[in-house]
Amino acid sequence: MCSISFSYVRLYLSQRKKGVSAISKSVRNQYLEFLAETGMTRYEFSKRSGIPESTLWSLGQKKDYDVRESNIRKIAQGMGVPASDLFNDNENTICLEERSEVWIIKNYRRLSERQKGRIEGYIKALLDETGRNDFQSE
């Protein structure tokens, strides 16, 4: 479960592609999948989540619809899942659990490619020591 606020998630993790965040795409996909699996109508989900039916129509029909933070929370509530579960559709989207992780990522991005390689090597060596090495560098 994410303990960092949505503001941090949006600020640090949202990758913009053609004006729509990866998070919005994931939320849209999970919302549509939920409706298909449950057979619930948009009207029923509107009543369940508190989101206007017109907003849900836009989410379902417009691939470039950017979901507001408040609606992400309501969609998660309507689906009966933690909001962080809605971000798992995209392997490039992660949920940070501690503020120190935000600091690490921000500073990692400031490093040269050579420095990043050294950091990745160090992490790989640490994981090898513990036997938990599922590390995959890109």
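**Figure 1. The accessible surface and overall make-up of the protein.** The accessible surface comes to about 9,500 Å², and 48% of it belongs to carbon and sulfur atoms; areas like this come from the Shrake-Rupley method with a 1.4 Å probe, and for residues only the protein chains shown count as cover. Keep in mind that this is a predicted model, where local features need pLDDT of at least 70, side-chain atom pairs count only at pLDDT 80 or more, and totals for chains, interfaces and linings use all residues. Residues are numbered from 1 along each chain as its sequence is written, and side-chain values use heavy atoms, with hydrogens and water left out. Of the 138 residues, 33% count as buried (buried is under 20% relative accessible area, exposed is over 50%, and partly exposed is in between, with a 1.4 Å probe and protein chains only). There are seven helices and two strands, and along the sequence they follow the pattern α-β-β-α-α-α-α-α-α. Both kinds of element are DSSP runs numbered from the N terminus: helices are H or I with at least four residues, strands are E with at least two. Now look at contacts (heavy atoms within 4.5 Å): among those between residues at least 6 apart in sequence, 59% join residues at least 24 apart.

Figure 2. A search of the whole structure turns up two aromatic pairs. Rings of Phe, Tyr and Trp (its six-membered ring) pair if their centres lie within 6.5 Å; planes under 30 degrees apart are stacked, over 60 edge-to-face, and the rest tilted. Y31 and F45 are edge-to-face, 5.3 Å centre to centre with 65° between the planes. This pair links distant parts of the chain, with Y31 in helix 2 (residues 22-38) and F45 in helix 3 (residues 42-49), 14 residues apart. F34 and F45 also make an edge-to-face pair, at 5.7 Å centre to centre and 65° between the planes. Here F34 sits in helix 2 and F45 in helix 3, 11 residues apart. Y31 and F45 are buried, F34 is buried too, and Y31, F34 and F45 form one aromatic cluster.

**Figure 3. Helix 3 meets helix 4.** These two helices pack at an angle of about 120°, with their axes 9 Å apart. Axes are lines fitted to C-alpha atoms, for helices over the stretch in contact, and angles run from 0 to 180 degrees between N-to-C directions. Helix 3 and helix 4 are therefore oblique to each other (under 35 degrees is roughly parallel, over 145 roughly antiparallel, 65 to 115 roughly perpendicular, and the rest oblique). On the helix 3 side, R42, Y43, F45, S46 and S49 make the contact, while helix 4 brings in E53, L56 and W57.

**Figure 4. Helix 3 meets helix 5.** The axes of helix 3 and helix 5 come within 8 Å and cross at roughly 105°, so this pair is roughly perpendicular. F45, R48 and S49 of helix 3 touch K74, I75, G78 and M79 of helix 5. Within helix 5 (residues 69-79), the buried residues include N71, I75, G78 and M79. After helix 5 comes G80, whose phi is positive, near 75°.

**Figure 5. A closer look at T55.** You'll find T55 in helix 4 (residues 53-61). T55 counts as buried because its relative accessible area is 18%. Leaving aside neighbours within four places in sequence, T55 is in contact with Y65 and N71.
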